[in-house]
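Trainee: Please take a close look at one part of this model, the hairpin, and then go through the salt bridges that join parts of the chain.

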Amino acid sequence: MAHETLGEALKAIREAKGLTLESLAAGTRVRRAYLQAIELTELTALPSRPFTLGYIRAYAAALGLDPDAAVERFKTEEPVLDEPLHAPLGVPEERDPRVAAFLIGALVIIVAIVMWNVAQRAMMANAPPPPLAPEGFAEKALRDYKPKPADLGAPLPAPVESTTPPPYETPGLAEALGLENDTTGQRKTGPTRDGADVDLASLPKTFQALGKVYDAGGGVQPLSSVTIQALKPASLILRGADGSVYFARQLSKGDAVRIPQMSGLTIDVSNAKDLQVFVSGQSRGLLPANQVLASKLAVAPQTP
């Protein structure tokens, strides 16, 4: 109370304690400018009165004084009770002008749509009624009308996407194996060799590997008990039920092919007389035809 104002008293005590405004600002979390304004009693540099009272309370407590006594002295020195609150300090509120432009544009569009609908309804209400045929003409047309069956015409062919595409074959494979297509699109063998008939009695009774033995199933399809061995050089193609080629090979004399166990598998060869059939290692004679189902070889044995 030895000083004229509270600010001078706080400054004198701070300097007597050897404290700086910077250290007090760090300890009280109050800006240095606000602490200096309190010491100089510059109320215009301070925020609203409630904030100022809080800063004085923190300043006095940091100096070891009675905060309530400091606040009461300040109220005595500055007894303005109806002081309007200052606006809080911070980032000023800024409005994006594009929002207002967007709202105005949307409002204009809505008004235009409403006006267009109103104009359309007004035009339809004022439009003349559609012309009608005379009643006599309509009655005569109804009397002369005789229902009859509708002519639907011939059925259309199936669309391209619903048909089954032809099976893919390697270009040049058929020509290399001596096969060609006839005019009907069916596969046929090339000219067969009309040599002398093979002596069936001279054929081996059991299978003996005289050359390469091919696994036509590729290790994927289970093998059946049927094995075909070439007595002379010959071509052999295995086709699935859909016409796709599973195996194709030009066999040398003595080469053999183990037939996989597949439903609908067809054996297509260049000359049936050049190939011998073995079932479970036992001879079943020559291949019966140039094209034959593999499933028939095991159930329909031939007499040697």
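Mentor: In strand E10, Ser283 is the bridge partner of Phe278. The model is predicted, and this pair belongs to an antiparallel pairing of E9 (residues 275-279) with E10 (residues 282-286), made over three bridges. Two residues lie between the strands of this hairpin, and Ser280 has a positive phi near 55 degrees.

Now the salt bridges. The count is four, and three of them can be described here by their residues. Arg14 and Glu39 are both buried.

Asp68 and Arg57 form another salt bridge, with the closest N and O atoms 2.5 Å apart. Here Asp68 in helix H5 (residues 67-77) is linked to Arg57 in helix H4 (residues 49-62), eleven residues apart. Asp68 is partly exposed at a relative accessible area of 45%, and Arg57 is partly exposed at 36%.

The pair of Asp268 and Arg239 is a salt bridge too, the closest N and O atoms lying 3.7 Å apart. Asp268 is buried, with a relative accessible area of 2%. Arg239 counts as buried because its relative accessibility is 10%, and the cut-off for buried is under 20%.

Notes:
Residues numbered from 1 in each chain as written. Predicted model: local features only at pLDDT ≥ 70, side-chain atom pairs only at ≥ 80, totals over all residues. Heavy atoms only, no water. Pairing = 2+ DSSP bridges. Helix = DSSP H or I, 4+ residues; strand = E, 2+ residues; numbered from the N terminus. Salt bridge = Lys/Arg side-chain N within 4 Å of Asp/Glu carboxyl O. Buried < 20%, exposed > 50% of the residue type's maximum accessible area, 1.4 Å probe, protein only.
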